[in-house]
Structure formats: structure tokens, C-alpha cells
Amino acid sequence: MSTSPRKKLYIQEVSVRDGFQIEPRFVPTEQKIELINALSHTGLAKIEVTSFTSPKAIPNLADAEAVMSQIDRVEGVLYAALVPNVRGCERALACNVDEINLFMSASHTHNLANLRMTQAQSLEQFRQVVDYIDGRAAINASLSTAFGCPFDGEVPEATVLDLVQRYIDMGIQAVSLCDTTGVANPAQVARLCNAVKQRWPDLVLTAHFHDTRAMGLPNVLAALQAGVDRFDASLGGLGGCPFAPGASGNVCTEDMVHMLDAMGYDTGVDLPRLLEISRLLPEIVGHDVPGQVAKAGPYTRRYPVPDAVRNI
């Protein structure tokens with residue numbers, strides 16, 4: 001696989017939203033703020049801080065206003081929030097969010113299961129939010145199940161391209177293609193990302209992968225080859241999907257940064273600092289996390305020469 005040495009990539013952290021929202025226990029507000037503040041100094045391009053959804057729907061993020069209002073803002077870092085509708089957008093803008101992340105599914109059944117809306121209803125919500133924002137914040141639109149659905153199976157490429165076109169027609173210029181339940185494979189990722197990049201070369205495109213079937217990092221490489229330079233990831237590999245029982249979480253941020261750094265790409269992320277923060281996660285969430293590099297150390301790690309070898 002050919003690489004582009006020192007090509008600039010943008011790493012976008014989602015653990016404090018995508019990860020914490022499904023944790024079995026509530027992470028205290030103060031710990032969330034401390035973690036976000038620490039992550040802000042690692043060189044990440046974006047942090048998805050929280051979700052302005054109903055506290056009844058996602059109790060773990062019921063402190064959205066408190067977290068977004070109290071974090072320290074570091075220059076060069078974009079602070080984003082997921083919003084489901086105009087009401088959520090009102091709450092987010094009141095907390096000076098930098099970017100609104102809208103979301104819907106590429107598959108009909110997953111959209112009904114996840115949002116209790118048809119795709120047409122979701123698109124109408126998008127229009128209302130875009131009109132309401134009126135340039136006061138950046139907008140990113142996430143397309144869940146872009147690579148396949150746990151209910152409907154394969155999602156046709158034409159369906160994904162049509163929905164991206166609908167986003168663009170609304171004036172949205174940043175889109176995330178999401179492998180929500182970890183069904184994508186590298187060949188499929190390459191085809192879809194190439195199709196999107198060729199049709200809309202100026203689109204700000206993010207790839208969002210889950211490691212449900214251990215194909216997260218290979219899929220990152222496939223998207224990278226197709227010209228994608230923005231990647232969502234989750235510290236420690238936290239996250240998952242309620243419609244993929246037993247699934248592991250998102251691509252692990254520190255593992256992905258480690259791989260890309262080793263290949264010669266410029267992630268802008270301070271890996272040693274990121275690893276220090278990642279090693280705090282088990283105590284924060286109360287269980288082990290999937291990330292590997294925090295346990296094994298980076299590939300540059302060296303060990304003392306064994307005594308038996310010294311004497312040879």
C-alpha cells in the first residue's frame with residue numbers, strides 16, 4: 001500500500017459522546033470535563049463533546065449543558081455536539097457549540113428503530129435545523145449504516161449518494177459516512193469513499209468506523225487510500241451500538257494514531273500524551289477497555305536485554 005509521507009490527517013474524538021452514552025454507569029460531570037480538557041491538549045482536531053438529546057433517551061448525557069459550558073476551549077480544536085432536532089440545536093447554540101452534528105440512517109429500518117422517524121421525516125428535521133442555525137455554527141451531517149444495516153442488510157451505494165446529495169442541496173458541506181454496526185470491509189469502503197470523493201471533491205468527508213468485527217483499522221486504511229483525511233475515533237475503543245449486541249466499540253483513537261504515525265502520516269496528535277490519558281479510562285468507566293497500544297506500548301518501545309543474552 002502506498003503512503004503519502006507526512007500527509008496531514010485530522011483525528012476527531014468521539015469517546016465522551018459515542019462512548020459514554022452507552023456505558024453502564026454515569027460518568028460524573030466533573031470527570032467528563034477533566035477528560036475533555038486533557039484531550040484538548042493532545043492535538044486532536046475535533047472533540048464531539050456531548051449530545052443535546054432528551055435526558056430520558058440518553059441519561060448518561062443529561063449533563064450536556066454543564067459539560068459544554070464548563071470545558072476549557074483550546075484554539076484550533078473544534079467542539080461539536082450531536083443534536084436530533086431544533087430544540088436540541090437551541091440548547092447547543094446556547095452553550096456556544098462550534099459545530100452541530102446531525103444524524104440519520106441510510107437504511108429505512110435502522111432509522112425507524114433508532115430515531116422513530118422515516119428518512120423523509122429526518123430530512124425535514126435537517127432542513128429545519130439548517131434554517132434555524134442560519135450560519136451561527138458549522139454543520140456536519142452523519143449518515144449511519146452507510147455500509148450496511150443490521151436489519152435491512154446491504155445498503156445500495158446509490159442510496160448513500162442520493163442522501164449525500166440531499167444534504168448538499170440543503171447547504172451542508174461536511175458529511176460523515178458511518179459504519180454504525182461494524183459490517184464494512186475494506187473493498188466496500190474503498191468503493192464508496194472513492195465514489196463520494198469523485199462526485200464531490202470539495203466535500204469535507206469524515207469516515208467513522210466501528211471495530212465490531214476487527215476490521216476498523218483496515219477500513220481506515222481503505223478510506224485513507226480513497227482520499228479521506230478525517231477520521232472519527234474513540235479513546236480506548238469505547239462505544240458500540242445497541243443494535244449490535246456484544247459488539248466492541250469505535251476504532252480506538254490511540255491505536256489508530258499509532259498506526260498512522262508509524263506509516264509516516266501527520267496526525268498532529270501527541271501519542272505519548274494520548275496514551276497517558278487512555279490509561280485512566282478503566283478507572284473512569286469501571287472496566288477494561290479494548291485499546292491495545294496503551295497496554296502493549298508503541299512499536300518504538302524497547303526492553304532491557306535479558307541477562308542470559310548479556311553474557312553471550
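In this predicted model, a side-chain oxygen of Asn185 comes to within 3.1 Å of the backbone nitrogen of Ala187, at the start of helix 8. Helix 8 itself spans residues 186-199 and comprises 14 residues. From its first C-alpha to its last, the helix reaches 20 Å, close to the 20 Å expected at 1.5 Å a residue.

The buried residues of helix 8 are Gln188, Val189, Leu192, Cys193, Ala195 and Val196. Viewed down the axis of helix 8, these buried residues fall within an arc of 155°, so they line one face of the helix. An α-helix has 3.6 residues a turn, so residues three or four places apart point the same way. On the face turned away from the buried side, helix 8 carries the exposed residues Arg191 and Gln198. The cover over the buried residues of helix 8 includes helix 7 (157-169), strand 6, strand 7 and helix 9.

Eight strands form a closed barrel in the order 1-2-3-4-5-6-7-8, with parallel pairing. From one strand to the next, the twist averages 25°. Thr206 stands opposite Arg230 in strand 8.

Helix 9 (residues 216-225) packs on the sheet, where it touches strand 6 (174-179), strand 7 and strand 8. The direction of helix 9 makes about 165° with that of strand 7.

Methods:
Residues are numbered from 1 along each chain as its sequence is written. This is a predicted model: local features need pLDDT of at least 70, side-chain atom pairs count only at pLDDT 80 or more; totals for chains, interfaces and linings use all residues. Side-chain values use heavy atoms; hydrogens and water are left out. Two strands pair if DSSP finds at least two bridges between them. Helices (H or I, at least four residues) and strands (E, at least two) are DSSP runs, numbered from the N terminus. Axes are lines fitted to C-alpha atoms, for helices over the stretch in contact, and angles run from 0 to 180 degrees between N-to-C directions. Contact means heavy atoms within 4.5 Å. The expected span of a helix is 1.5 Å times one less than its number of residues. Buried means under 20% relative accessible area, exposed over 50%, partly exposed in between (1.4 Å probe, protein chains only). The arc is that of the directions from the helix axis to the C-beta atoms. A polar contact is a pair of N or O atoms within 3.5 Å; within protein, one must be able to donate a hydrogen and the other to accept it, and residues adjacent in sequence count only if both atoms are side-chain atoms.
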